[in-house]
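Trainee: I would like to go through this structure term by term. Please set each value against its definition.

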Amino acid sequence: MELIEDLDVLDEDRVRQREAGDAPDEDLDRAKHGYDATAGDKQVYIETYGCQMNVNDSGIVASVLEESGYGLTRDADEADVVLLNTCAIRENAEQKIRTRLGMLRAEKARRDGELMLGVLGCMAERLREKLLEQEDLVDVVVGPDAYRDLPRLLYEADATGQAAVNVELSKQETYQDIQPVRYDSNGVSAYVSIMRGCDNMCTFCVVPFTRGREESRPVTTILSEVSQLVEEGYKEVTLLGQNVNSYHYTDENGASVSFAELVDRVSRVSPEMRVRYSTSHPKDCTDELLKVHRDRPNVCNYIHLPVQHGNTEVLDRMRRTYTREEYLALTERAKELCPGVSLSTDLIAGFCGETEEQHEDTLSLMEQVRYDHAYMFKYSERPQTYAARKYEDDVPEDTKQRRLEEIITLQNQHAKESNEAEIGRVHTVLVEGTSKKSDEQFFGRTDTNKGVVFDREDYEKGDYVRVRIDDCTSSTLLGTALEKTTLEEAARTNSITTTPVAA
Ligand code: SAH
Ligand code: SF4
Ligand code: F3S
């Protein structure tokens, strides 16, 4: 069995306690969780689907279970409990998970039932008890706000042989006091969850149903998690939320903190910590926030601004709350206040009632904005949503596919052109680790979130390195390292991106 390395680092105190024989006793556990912690030496394997929030949530689940005495394993074959942290955003996301559940069921049968299966996250929340009818042999079904209850639910399912379910959504739960186990982390970049849920109700989207209402996490707990990450040597945080820039926290004294203010405060924890966030809604991208990007050198010059569509009538039917013109004005403002800002987006092809002209409006909007990166999807009807109830999913599958392909082709062209324009420039790159293709090369990211590969020489993971860009593909920049630097140094010389002599 392979234990997760980071766990040992994070929990040295507890490991020492256990070795010394003075680990918390059972009575304490009972008081804390309301059950007998009989996890024994059971090993848990967690598999994560969906967005970054789910990755972070899996870390929270790992932390909760570890606290109850479970071990974490990276090997499903070694596990006594397999948990799938699921996504429900599109039908094919759910399909993938059902296929995986089928395989796990077969494994459970091979082991004569000696394997517990859990479904967590958005699909659990969407389907609730129905999931038990549809998917045989699942032992626990746990929604995204009920992870503190997981040890009890596993215990109950084990003791009774009956499935245990908790899918209650809570307006309060932000897991503010739980440091997630960062077991898949590269030790350089970390996620910090700052808000949960979404109040927007875009007509196509299932998230408000699976994640519930928005709730922001207290500022102090966010700042202390970031400080802890600085101490552990992390160099980049990505603040997370389903609708991250609608963050708004009012403390007990009535003082209120906006998202822009929060980003500013996070950026002041350490000048060497890069700050990113995901995923933001255009309606909450304020001038105040753009000025934080402009004024704080360690707040990255990159904004993900999901537009979804380029036609105002479609945007209205999607209930996105902005028009094409308002969105375009916002991107112009971002480019004006933050020169060189990199923009990315999400796009949906083939939404209900989309005409050929409306689809072309998406292409022309892309031409105007010139995104560096985009996540592009075919519309997938989701049960419960307003669109599923009120609109007809009437764009034929082959038309959806063709429109999606046109969007992808155009985006690839834009990304390639944008990357080609980087040749000759120097970027400050944060080294995340070795490149996928070769151990002799490092992979890192520019401030503008572009991936860069270069020969590793004597540089180390976590270094900021000035890299000259020599070549590119449509997805990656290829460069030569010039020298090690710091973010402060880069800011002083105003050389996060410079255009020096040609390569
Ligand atoms: N909160 C984020 C999006 C989270 S979901 C925002 O508002 O931008 C991530 C992306 O999945 C969305 O931006 C959208 O492009 C896509 N998506 C959501 N529901 C979808 C559906 N029913 N069909 C296809 N794509 C969908
Ligand atoms: Fe879904 Fe819209 Fe909320 Fe994003 S803002 S999570 S697309 S409802
Ligand atoms: Fe999927 Fe839930 Fe994230 S539906 S995209 S895992 S919020």
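Trainee: Which domains does the domain assignment give for the protein?

Mentor: The assignment lists domain 1 (12-166), domain 2 (185-300), domain 3 (309-375 + 391-420) and domain 4 (426-493). Such bounds come from an automatic or database domain assignment. The model is predicted: local features need pLDDT of at least 70 and side-chain atom pairs pLDDT 80 or more, while totals for chains, interfaces and linings use all residues. Residues are numbered from 1 along each chain as its sequence is written, chains are lettered from A and ligands numbered from 1 in the order in which they are written, and side-chain values use heavy atoms, with hydrogens and water left out.

Trainee: How many residues does the contact take from domain 1 and from domain 2?

Mentor: Domain 1 gives 13 residues and domain 2 gives 14 residues, where contact means heavy atoms within 4.5 Å.

Trainee: What area do domain 1 and domain 2 bury between them?

Mentor: About 1200 Å², with 56% of it on carbon and sulfur atoms. Buried area is the accessible area (1.4 Å probe) that two parts lose on being put together, summed over both. On the side of domain 1, Gln-52, Met-53 and Asn-56 lose the most area to domain 2, together 47% of what that side buries.

Trainee: Why is the pair Arg-211 and Asp-57 called a salt bridge?

Mentor: The term asks for a side-chain nitrogen of Lys or Arg within 4 Å of a carboxyl oxygen of Asp or Glu. Arg-211 and Asp-57 have an N to O distance of 2.8 Å, so the pair qualifies. Between domain 1 and domain 2 the count is three salt bridges, and the whole structure has 45.

Trainee: Which helix gives the most to the side of domain 1 that touches domain 2?

Mentor: H4 does, with six residues. Helix H4 (52-67) and helix H6 (122-127) each supply at least two residues of that side. Helices here are DSSP runs (H or I, at least four residues) and strands are runs of E (at least two), numbered from the N terminus.

Trainee: What makes Glu-107 and Arg-110 a salt bridge, and where do they lie?

Mentor: Their side chains are 2.9 Å apart, N to O, which falls within the 4 Å limit, so the name applies. Both residues lie in helix H5 (residues 91-110), three residues apart, about one turn of the helix.

Trainee: How do you know that Gln-308 is in polar contact with ligand 1?

Mentor: A polar contact is a pair of N or O atoms within 3.5 Å; within protein, one must be able to donate a hydrogen and the other to accept it, and residues adjacent in sequence count only if both atoms are side-chain atoms. A polar side-chain atom of Gln-308 lies 2.7 Å from an oxygen atom of ligand 1, so the pair passes. For Asp-346 the distance to an oxygen atom of ligand 1 is 2.6 Å, and for Arg-320 it is 3.2 Å.

Trainee: Which residues surround ligand 3?

Mentor: Among them are Cys-51, Asn-54, Cys-122 and Arg-211. A residue is near a molecule if one of its heavy atoms lies within 4 Å of it.

Trainee: What is said of the peptide bond between Ser-278 and Thr-279?

Mentor: That bond is cis, with omega about 0 degrees. Thr-279 is in the loop between strand E13 (274-278) and helix H12 (287-295). Most peptide bonds are trans.
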